[in-house]
Structures are given as C-alpha cells and as structure tokens.
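User: Please take a close look at one hairpin in this model. Then walk me through a few other local features.

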Amino acid sequence: MGPDQFHESRSYSASDLSSKSSLEHSNKTNSCADILEKSPFLKNAIIKDSVPYQDSGILKRFAPGQSSGYYSRRFHPRQYHSLPHHYKLPILNGQFLKEKARENDGIQSGYSTKLTLVLDWFKGFNSDQKNKMLMLLFNECEQPQNHLLSTLLQDKLHMSCPPNCQDFLLWLPTVLAYKILSYLDPVSLAKCSQVCKYWESLSNAQFLWQNLMMQPTWKLSQSGHFQHLRQIKQNSEGGKKLFWKKIFADRYRLHRNWLRGQCHVRTFEGHTQGVSCVQFDETRIVSGSHDKTIKVWNIRTNSPWSVMTLVGHSGTVRCLHLMGNRLVSGSTDQTLKVWDLSVQDEWSSIACKVTMVGHTDTVRCVQMDMEKVVSGSYDNTLKIWSLKSGECTHTLRGHIAHVLCLQFHSNTLVSGSADKTIKVWSLNEFRCNATLYGHQDAVTCISFDEQRIISGSLDNNIKIWNLTSGVCLSTLDWKNSEGHTGVIRCLQANERRMVSASDDRTLKVWQLETNTGQRLLTLRNHTDGVTCLQFNDFIIVSGSYDRTVKLWDFSVC
C-alpha cells in the first residue's frame with residue numbers, strides 16, 4: 001500500500017485532510033513516514049490510538065479478539081477517533097501563518113503610528129497638561145508598569161532636590177515640628193531620635209519629656225514626684241541640671257514594673273509574734289505587733305534587723321500612724337501613745353510624749369494630722385483628741401458594734417464597723433451624715449477620696465461606693481473579679497490604683513481609673529495571712545501573721 005492509498009485505511013477530520021492536501025501538494029513523492037514526521041498532530045493521534053507504524057506506511061491494528069489485521073472505523077469508532085478540534089492548531093498551514101504575520105505587522109505599524117502621535121501631543125503640552133496626562137496614565141497602570149516606573153525613576157526623582165528633601169520636619173518651622181512631636185507616645189518619640197541628627201535634636205527637647213510626665217498615665221502623686229526629683233538630684237554629679245528624658249525613662253520603667261509585678265522583695269525579721277500594723281516614710285518602716293512592741297527599721301540599709309524597739313504598751317499594738325517624726329499608736333490596753341522619733345548623730349529624743357486614756361476597750365484604728373488624733377475602738381465609739389494636750393475633745397457615737405477602721409480628710413470622716421455599715425461623719429458638726437449598707441459582714445478596712453469610698457470586709461469582698469450618693473458602684477469578689485478568697489484585712493487606694501491584702505496570703509493590685517476596678521497583678525511572698533499594708537508610688541510595705549515585714553520595691557528592677 002503506497003502513500004496514495006493511505007487515505008483509504010481510515011477516516012480523517014477536516015483539519016487532517018487540509019494538512020494531508022498541503023503535504024501532497026508540496027511533495028507527492030514523500031513516504032508515509034515523512035508525512036508523519038512533518039505532521040506532528042497525525043503522529044500524536046496515531047500514538048494516542050496505540051497504532052504501530054512502519055516506513056512502508058502500513059497501519060496495522062489489532063481488533064478485539066483477533067491476532068492481527070486491519071482495523072477499520074466500525075470497531076469502537078469513538079475510542080479511536082482523532083483528537084478534538086481544539087487540539088488541532090493549523091500550524092502547518094502556510095497561508096494561515098502568512099496572514100498572521102501580516103496582521104502582526106499591521107498591529108505593530110498601527111502601534112508605532114499611535115505612539116509617535118501621542119509623543120508629539122505630549123511634547124506640545126504645557127506643564128499642567130503633562131501632569132494631568134501622567135496622572136491619568138498612572139491610574140491605568142498595573143503592577144508591571146508600576147514596577148517599571150519605580151525602577152526608572154529611582155535615581156531621577158530627587159536628582160536636583162536639596163539634601164533631606166523628603167524630611168517634612170526640616171521644611172516646617174521649628175515650632176510646628178515641636179507641636180507635631182508633642183502628640184507622639186513615648187516609644188515613638190524615642191524612635192524619632194534615631195532617624196537623624198536633626199530629629200534627635202528635636203525629640204530630645206526637655207519640655208517634650210517634661211510634658212509627657214505630666215500626663216495621667218505617667219504622673220506620680222505630688223509627694224512621689226518631689227521624692228523622685230530629690231533622688232535624681234542626689235544621684236546626679238552636678239546635682240543641679242535635670243535631664244527630663246532620663247527622668248521619664250525612670251517613670252516609664254516604674255509604670256511597667258507595676259503592670260508586670262516586677263519588684264525586689266526585702267524581708268525584715270525581729271517580731272516574735274504576728275505583725276498587726278505598719279507605717280513608713282522615705283527612710284524608715286515602723287511596725288506594731290502582737291508581741292506588744294513597736295519596731296523601727298531602716299529602709300536605706302540592707303539590714304533585716306530593726307534599728308530600735310519601742311516598749312510601752314501592755315497589750316497588742318493594733319494600729320499606728322506615722323507623720324514626720326511623730327508616731328501615734330493604739331493598743332488592746334485601751335490607750336493611745338504619741339512617740340517622738342527624732343534622731344540626730346549626737347542625740348536621740350525617742351520617747352513616749354503623751355498617753356491618751358479614755359476608751360473602754362481595744363483601740364483598733366487611729367489617724368492624726370497636725371492638730372488632732374482620731375481613734376476608733378471596740379467600745380463602739382470614735383474619739384477626737386487634742387494632739388498637744390492629749391485630751392479627748394469629742395466622742396462620736398452611732399455604730400452599734402466595734403469600730404474597726406477609719407480615715408479622714410479635711411472635715412470628712414469615714415468609719416467602718418462590725419455592724420456591717422459604713423458611716424460618713426462631719427468633723428465640723430460632729431454628727432453622722434450618711435450610713436451605707438451593703439456588706440454581709442464586718443467592715444475591716446476603708447479608704448476614700450473626694451469622689452468614692454472603697455471598703456473591705458470579712459465577707460471577702462471589696463466594694464466601691466459613690467461618696468455623694470452612697471450608691472455601691474462595684475463589688476470586687478473572687479468569682480467575677482479574681483478577687484481575694486479570704487477575709488480582707490487591709491487596703492489602701494489613691495487616684496490610680498488600690499492595693500489590698502487578705503488572709504489568703506496575697507496582696508492584689510487593682511486599677512482604679514474606672515469605678516469598676518480591674519485586677520492588675522497578685523503578689524505572693526508571705527507564708528501566712530497578710531494583716532496590714534501601706535504603699536506609695538515606688539514601694540509596698542506589708543506585715544503578716546508570719547511575723548515578718550516585707551518591702552516590695554518596684555523602682556529598682
């Protein structure tokens with residue numbers, strides 16, 4: 001069978017016939033193998049149908065059930081059909097290729113003409129028209145074009161610009177630059193100093209960091225602020241010039257330590273029984289104990305032993321208040337004593353100056369100012385004493401059980417009692433103005449300011465009250481607020497935070513920026529219930545039934 005008879009062995013599609021006709025027209029003497037080599041789609045179709053071929057052009061098929069022979073289309077026509085039409089590209093059609101080439105030439109010629117026309121127009125535009133055209137073209141660009149633009153213009157955009165032409169602060173007046181920097185947070189302002197020399201000079205301006213320290217987040221109490229400045233001056237070489245950026249860095253670290261609970265704990269040992277009350281100032285800690293003594297400890301040394309021991313009470317020392325060199329103490333022996341703690345290098349005047357007698361039961365709480373002492377007792381009364389003479393001037397009656405805690409500011413006194421109530425007294429009129437109900441057990445500790453009262457109780461809860469209306473704003477319990485699991489023994493609060501202590505051996509720090517109260521951290525170091533505490537912006541001092549006094553220092557970490 002020759003090449004001319006090849007078409008009789010099987011049927012072809014239209015594209016196959018077109019290809020075959022083109023091959024016959026070019027060279028009728030070619031063999032079947034030559035045709036297949038020049039027609040890849042025919043060869044692929046034959047290979048796809050598993051058809052062996054030889055140079056003679058004979059296509060041998062094996063029909064089902066037969067050993068050999070020619071296999072025509074009547075056996076499984078769909079299985080041995082040629083390739084789908086979309087696989088049969090007319091790559092061998094010379095006329096088609098020529099038409100495509102002419103079409104591409106036409107497109108290229110049209111593109112060149114249009115491009116030349118656009119460039120001629122662009123050259124005739126003024127500056128504004130060129131800018132508008134570039135904006136329109138830029139909006140039509142996609143990622144490849146944007147990448148090309150960035151590559152081409154990288155070295156040309158700022159070729160004729162002055163140094164640091166992209167620095168917006170350099171072009172602004174200094175006053176405006178400072179105004180912009182004043183809105184930055186501390187971290188961003190510190191990073192600005194790393195940009196360049198000019199930014200460093202701007203961001204290190206003294207007043208920027210001084211203003212940051214006055215913001216509520218970083219502001220200390222008035223006494224804490226001046227104490228911090230005194231420490232900075234003492235540690236500085238000249239002792240005169242203050243670098244506010246460095247001072248703010250200390251404030252920032254202090255704030256971070258309070259949030260994370262990072263502090264150094266020092267332990268003072270010396271009492272033979274549980275510690276019931278503590279007070280401190282910048283140089284010393286004073287603690288009272290069930291062993292009937294008062295011990296004074298030096299904060300500035302690392303010695304865990306007391307500097308001195310005050311002996312005078314015949315019963316447990318239940319309460320203390322320290323103000324300057326004056327200390328007042330109350331005891332189960334029903335008396336109050338006023339001590340002078342003045343100490344000089346040459347002499348010491350430590351002694352009991354006044355003993356106040358008048359209560360008929362344990363003196364449980366006490367506070368003083370420059371003129372008077374206010375005390376609360378298990379005899380259900382509060383007494384006001386003259387600090388100078390030691391005489392009782394007024395007695396406030398209203399509670400029907402032991403008075404366990406008190407605090408006064410100016411002419412307002414707040415007291416808590418075992419009768420589960422809180423009373424607000426006027427020190428001008430010496431009468432009770434309001435009584436707050438809400439606790440389910442005795443009120444053991446209290447703290448208040450111009451807006452709210454915070455109280456702790458034997459019911460394990462802490463409550464926040466509105467001072468004006470007497471409404472309970474929030475209750476901090478174990479279940480809903482991660483509060484204490486034991487009796488609340490003591491607490492203290494300022495404008496920003498509150499610290500509480502409990503029989504569960506922990507101290508908890510709370511955020512008070514809102515009236516809901518949020519627990520920030522829990523401090524664990526005591527081995528028994530915590531009975532008393534006091535804190536300022538830098539440290540917490542606590543006492544416990546474990547007979548130790550601990551100082552939690554947040555300023556050294």
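**A hairpin and its surroundings**

Start with Gly390. In this predicted model, Gly390 takes a positive phi near 80°. Gly390 belongs to the hairpin of E12 and E13, which has five residues between the strands.

Now look at the strands themselves. Strand E12 covers residues 381-386. Strand E13 covers residues 392-397. The two pair in the antiparallel sense, over five bridges. Pick out one bridge to see how they line up. Thr381 has Arg397, in E13, as its bridge partner.

Next, the cysteines. How many disulfides does a search of the whole structure find? The search finds zero. Take Cys263 and Cys557 as a test case. The closest cysteine sulfur to that of Cys263 lies in Cys557, 6.2 Å away. A disulfide needs the two sulfur atoms within 2.5 Å. At 6.2 Å, the sulfurs of Cys263 and Cys557 are therefore too far apart for a bond.

Which helix gives the largest share of the nonpolar patch? Helix H6, residues 143-153, supplies four residues.

Terms used
Residues numbered from 1 in each chain as written. Predicted model: local features only at pLDDT ≥ 70, side-chain atom pairs only at ≥ 80, totals over all residues. Heavy atoms only, no water. Pairing = 2+ DSSP bridges.
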